[in-house]
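Welcome, and please take a look at the structure below. A short briefing on its charges and aromatic rings follows.

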Amino acid sequence: MATRENRLRKQPCSLYNSCVRFVARNLKRYKHAEFLDRIPPMIKNSIILNVTRAQKGFHDDELLGMLLNRQLTRINLSSSTITDETLLALAGQCPNLKSLILTQGEYRFTGTGLAAVVQSFPLLEQLSVKECDLVDDAFVADLAHNCPQLDLLDLESCAHVTDASAEAIKPLQLTKLNLSRTKISDEFLSAIAHERCGGTLEDLNVGYCKISGAGLGKLPWETIKYIGFEGCEVDDLEFIGMNKNLKYIQWTIAN
């Protein structure tokens with residue numbers, strides 16, 4: 001006999017979700033329809049979520065611009081085409097944005113669009129940008145100054161991020177930091193170890209950077225739960241000590 005949970009699982013989705021999916025799937029048809037602008041923010045945000053998750057993202061800045069609104073707090077553009085117009089529209093219409101994921105998007109923006117991200121989202125808590133040549137130490141400094149509530153910062157493979165970024169990152173209360181495949185070294189870890197950031201980090205990835213066991217040993221290991229240093233010159237794990245909170249290590253054992 002089927003349980004109540006199983007019966008609920010088999011039930012069709014709600015009319016609301018079906019309508020959202022239909023509009024998201026056929027969004028181009030409504031590009032010049034006046035009603036799109038009049039849709040309530042909650043429904044607009046549901047359409048945005050469906051397009052970014054199930055419809056392979058946005059590739060038309062005008063369509064996205066018609067859906068953006070002040071109530072939008074999170075957007076993942078990792079499957080979208082991202083231009084200056086995309087970022088400037090977000091900056092102008094979404095002042096309450098808290099999470100912006102650009103990782104693996106098709107980057108067509110310039111420094112102008114990226115500067116808008118830094119200057120327009122004082123409530124930003126999460127930012128992910130991957131393999132972007134425009135992201136450098138100056139960008140990190142501006143980001144840290146304008147977005148003091150950052151909790152997650154993912155700059156994987158941004159090759160122009162170096163040890164100089166430590167000065168800007170030190171005062172942030174980051175819990176998650178991914179700087180794998182950047183140009184940081186042990187000097188970066190030493191610089192943040194006894195600062196505010198060093199004491200709040202729970203998830204750190206410095207894989208394929210110039211990091212050694214000596215640099216990792218500088219960190220206050222009491223708070224770290226997840227650590228990645230794959231591809232680094234680390235021979236043993238003595239520096240971890242008796243950390244009882246550690247749950248996951250990603251590590252390449254040196255030959």
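Glu 233 is exposed, at a relative accessible area of 66%, where exposed means over 50%, buried under 20% and partly exposed in between (1.4 Å probe, protein chains only). This is a predicted model, in which local features need pLDDT of at least 70 and side-chain atom pairs count only at pLDDT 80 or more, while totals for chains, interfaces and linings use all residues. Residues are numbered from 1 along each chain as its sequence is written, and side-chain values use heavy atoms, with hydrogens and water left out.

**The negative patch**

- Glu 233 sits in the loop between strand 9 (226-228) and strand 10 (248-250); helices (H or I, at least four residues) and strands (E, at least two) are DSSP runs, numbered from the N terminus.
- Together with Asp 235, Asp 236 and Glu 238, Glu 233 makes up a negative surface patch.
- A patch takes residues with over 30% relative accessible area and no salt bridge, joining like charges within 9 Å and nonpolar side chains (Val, Leu, Ile, Met, Phe, Trp, Tyr) within 5 Å.
- Asp and Glu count as negative and Lys and Arg as positive, with His and the chain ends not counted.

**Aromatic rings**

- The whole structure holds five aromatic pairs; rings of Phe, Tyr and Trp (its six-membered ring) pair if their centres lie within 6.5 Å, and planes under 30 degrees apart count as stacked, over 60 as edge-to-face and the rest as tilted.
- One of these is the tilted pair of Trp 221 and Phe 239, with 5.5 Å centre to centre and 45 degrees between the planes.
- Trp 221 lies in the loop between helix 12 (213-216) and strand 9, and Phe 239 in the loop between strand 9 and strand 10, so this pair ties together parts 18 residues apart in sequence.
- Trp 221 is buried at a relative accessible area of 5%, and Phe 239 is buried at 16%.
- Phe 229 and Trp 251 also form a tilted pair, at 6.1 Å centre to centre and 55 degrees between the planes.
- That pair links distant parts of the chain, 22 residues apart: Phe 229 is in the loop between strand 9 and strand 10, and Trp 251 in the segment after strand 10.
- Phe 229 is buried at 0% relative accessibility, whereas Trp 251 is partly exposed at 26%.
- Trp 221, Phe 229, Phe 239 and Trp 251 belong to one aromatic cluster.

**Salt bridges**

- There are seven salt bridges, each a side-chain nitrogen of Lys or Arg within 4 Å of a carboxyl oxygen of Asp or Glu.
- Asp 60 and Lys 31 form one of them, at 2.8 Å from N to O.
- Asp 60 is in the loop between helix 4 (41-54) and helix 5 (61-67) and Lys 31 in the loop between helix 2 (15-25) and helix 3 (35-38), so the bridge ties together parts 29 residues apart in sequence.
- Lys 31 is partly exposed, at 22% relative accessibility.
- Glu 156 and Lys 130 meet in another salt bridge, at 3.9 Å from N to O.
- Here too distant parts of the chain are linked, 26 residues apart: Glu 156 is in the loop between strand 6 (152-154) and helix 9 (166-169), and Lys 130 in the loop between strand 5 (126-128) and helix 8 (137-146).
- Lys 130 is partly exposed, at 23% relative accessibility.

Methods:
Accessible areas come from the Shrake-Rupley method with a 1.4 Å probe; for residues, only the protein chains shown count as cover. The place of a charge is taken as NZ of Lys, CZ of Arg, CG of Asp or CD of Glu.
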